[in-house]
Amino acid sequence: MYQLRDYQKQAVENTLAYFRKTRDPAVIVLPTGAGKSLVIAELARVARGRVLVLAHVKELVEQNHKKYESYGLEAGIYSAGLNKKEAHQKVIFGSIQSVANARESFFEDFTLVVIDECHRVGLEQETQYAQVIKKLSQKNENLCVLGLTATPYRMGVGWIFNYSAEGEERSKEARFFKNCIYELPLQYMIKNKYLTPPVRVDIPVTCYDFSELTEGGRSFTMKEVEAVLKKQRRLTPLIVKNIVDITEKYHRKGVMIFSSTVKHAQEILEDLPEGEAKIILGETEEAERDRIVREFKEKKIKYLVNVSVLTTGFDAPHVDVIAILRPTDSLSLYQQIIGRGLRLDPGKKDCFILDYTGVTHDIYSPQIADKKPTPESVMVQIPCPKCGFENNFWGKVDDEGNILEHYGRTCRGGVRDPDTMNYKPCGYRFRFKICPKCSAENDVTARHCIQCKEVLVDADTKLKQARLSKNAYVLKPDMIELGERRDKNGNSFLEVKYYDHDAKYLSEIHYLNNDTALKKFNINFLRSHMKRPEFNLPLETIEDVLKYQWLFRMPSFVIARKQGKFWRITEKIFAEEL
Ligand SMILES: [Zn+2]
Ligand SMILES: [Zn+2]
């Protein structure tokens, strides 16, 4: 019989507790190598009905099944590609294509469906996953749907669930999976020696320059990659030589090289030591592919070049060098590539990661929250003043790592109601936009007021309209200057001047001499200008304001409108609104 590790027990316990309360689809995040088969086995053991485990390719079906049976358990396979259509066992491993076409009777008695690599499941109703879940639910309206993945995000989509296991709101948009109920970080696996540590090797020689593809954080196609590579072909032999040098110097045993295109892969192969390298392409025949993989696993060849064919499910534990020569904007693909080198193997201490693309991603803890607002932004941790949740936001730090500013808008923390498993967000707003009609606080990107439904014009439209209008002026400030002035009655006021780099300026004034004026100053200036809005500093005199002016940030744009002879500032637009 099998023995569960502590974290596997926890994952199972969380799953049972969750499905006792609700039937909303849920996700468990386990890194590659965390032993998801055991979690499935334990869930199957306690499940009253049958369990269906779905995967998108037959290789994965076969591998999951094999692993499962290695624990002395029995399960069936339903996959046309594997020439097996078994349907009588309690646990069935199936490929989604075959199961989607299975006959009615196949769908009887299942109480749990487990979807492997579940980051592929979208919201669309016409997908095969949606069809299969519909059929299963028709037979059993209490069906539990559990997703498993090591990489719970998808390109262009972001997080695949709404709420994390710690109660963090990861996505506001509709998601197929509502909650993540268990998440095991990769660090845990490495620290506890279940996986080999990856070691990023700084490459002194040379590197492709793909920066033109990634400017502004946009995504790119392999066609564009090909065009860039064409211009930098001469670098390939140098890069390959570097891979070989490192491999030989450090006595590495298995090297996987990920190339960008078929042509690129062939160029790489030409420069590798003869007889020690092979290539696997998408079109490589299955028998041939199996033979090459076997030779590689038996260490008859040292280098294996591939064009992202060997990312999912490929398993050669001795791999101790991963060389990345293909840029990707997909974090999950990047992590899958690295994952190929983290399996334990006798005598293996670490796995070198050689990245020649300059387009690197975080191996450990990706925070694919929002787009980076500025190129120099880094992730900072900001505790919520209302609920204490540690939010990960984009922000700015100084040379010592002190947080200067952050771009977070709403607290992502919250609590889960233990009776319904429903999540109640904290809702604290660090930044907000005030409804001009009813003064309600709205998210900076809201299009309609949450209270009175008034249309809220977004920043882009405001800018566009202002630029087209003769009576409006848009200034891109370069400097902000604060000073104390006196009016003709001798009352002092604060003047704020915004200069652009041609030294043109717009200014606004604030009185701070009574409660109403202070309130106005708070709403119209402080709330939007504070670099750290969660610090609720009582700035009540002009002297205080001048003393603490380093706490203020500059707007990205200032819009003024003509009023009689003067230009009056009517709107200020800040980085997070753009
Ligand atoms: Zn909060
Ligand atoms: Zn309103």
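View 1. The protein contains 15 helices and 30 strands, and the model shown here is a predicted one. Along its principal axes, the C-alpha trace spans about 90 × 60 × 45 Å. Of the 578 residues of the protein, 34% count as buried. Among contacts between residues at least 6 apart in sequence, 61% join residues that are at least 24 apart. The domain assignment divides the protein into domain 1 (6-184), domain 2 (198-355), domain 3 (378-425) and domain 4 (457-577).

**View 2. The contact between domain 1 and domain 2.** The C-alpha centres of domain 1 and domain 2 lie 31 Å apart, and the contact takes 13 residues from domain 1 and twelve residues from domain 2. On the side of domain 1 that touches domain 2, the elements that give two or more residues are helix H3 (58-69) and strand S8 (153-154). Helix H3 gives the most to this side of domain 1, with three residues. By residue type, the side of domain 1 that touches domain 2 divides into five nonpolar, five polar and three charged residues.

**View 3. The buried face of helix H10.** In helix H10, which covers residues 262-271, the residues His264, Ala265 and Ile268 are buried. Seen down the axis of H10, these buried residues fall within an arc of 100°, and therefore they line one face of the helix.

View 4. Glu285 lies in the loop between strand S14 and helix H11 (286-297). Because Glu285 has 8 C-beta neighbours inside 10 Å, this residue counts as exposed. Between Glu285 and Thr236 there are 49 residues of separation in sequence and 27 Å in space, taken from C-alpha to C-alpha. His251 is found in another stretch, the loop between H9 and S13, and is likewise exposed, with 7 other C-beta atoms within 10 Å. Most residues other than glycine have a negative phi. Phi of His251, however, is near 50°, which is a positive value in a residue other than glycine.

**View 5. The loop that holds Ser439.** Ser439 is found in the loop between strand S23 (433-434) and strand S24 (441-442). The phi of Ser439 is near 65°, a positive value in a residue other than glycine. Ser439 has 11 other C-beta atoms within 10 Å, and so this residue is exposed, since 12 or fewer such atoms are what the term requires.

**View 6. The open sheet of strands S26, S27 and S28.** Strands of a sheet pair through backbone hydrogen bonds, either parallel or antiparallel. This open sheet has three strands in the order S26-S27-S28, and the pairing is antiparallel. Strand S26 (479-486) and strand S28 (505-510) stand at the edges, each with a single partner strand, so one side of each is left without a neighbour in the sheet. On average, and with direction ignored, neighbouring strands of this sheet are turned by 25° against each other. Strand S26 is joined to strand S27 (residues 492-499) by eight bridges, and these two strands run antiparallel. Within this pairing, Glu481 has Lys497 of S27 as its bridge partner.

Conventions: Residues are numbered from 1 along each chain as its sequence is written. Chains are lettered from A and ligands numbered from 1 in the order in which they are written. This is a predicted model: local features need pLDDT of at least 70, side-chain atom pairs count only at pLDDT 80 or more; totals for chains, interfaces and linings use all residues. Helices (H or I, at least four residues) and strands (E, at least two) are DSSP runs, numbered from the N terminus. A residue is buried if 20 or more other C-beta atoms lie within 10 Å of its own, exposed if 12 or fewer, and partly exposed in between; C-beta atoms are placed from the backbone. Two residues are in contact if their C-beta atoms, placed from the backbone, lie within 7 Å. Two strands pair if DSSP finds at least two bridges between them. Axes are lines fitted to C-alpha atoms, for helices over the stretch in contact, and angles run from 0 to 180 degrees between N-to-C directions. The arc is that of the directions from the helix axis to the C-beta atoms. Domain bounds come from an automatic or database domain assignment. Ala, Val, Leu, Ile, Met, Phe, Trp, Tyr, Cys and Pro count as nonpolar, Asp, Glu, Lys and Arg as charged, and the others, Gly among them, as polar.
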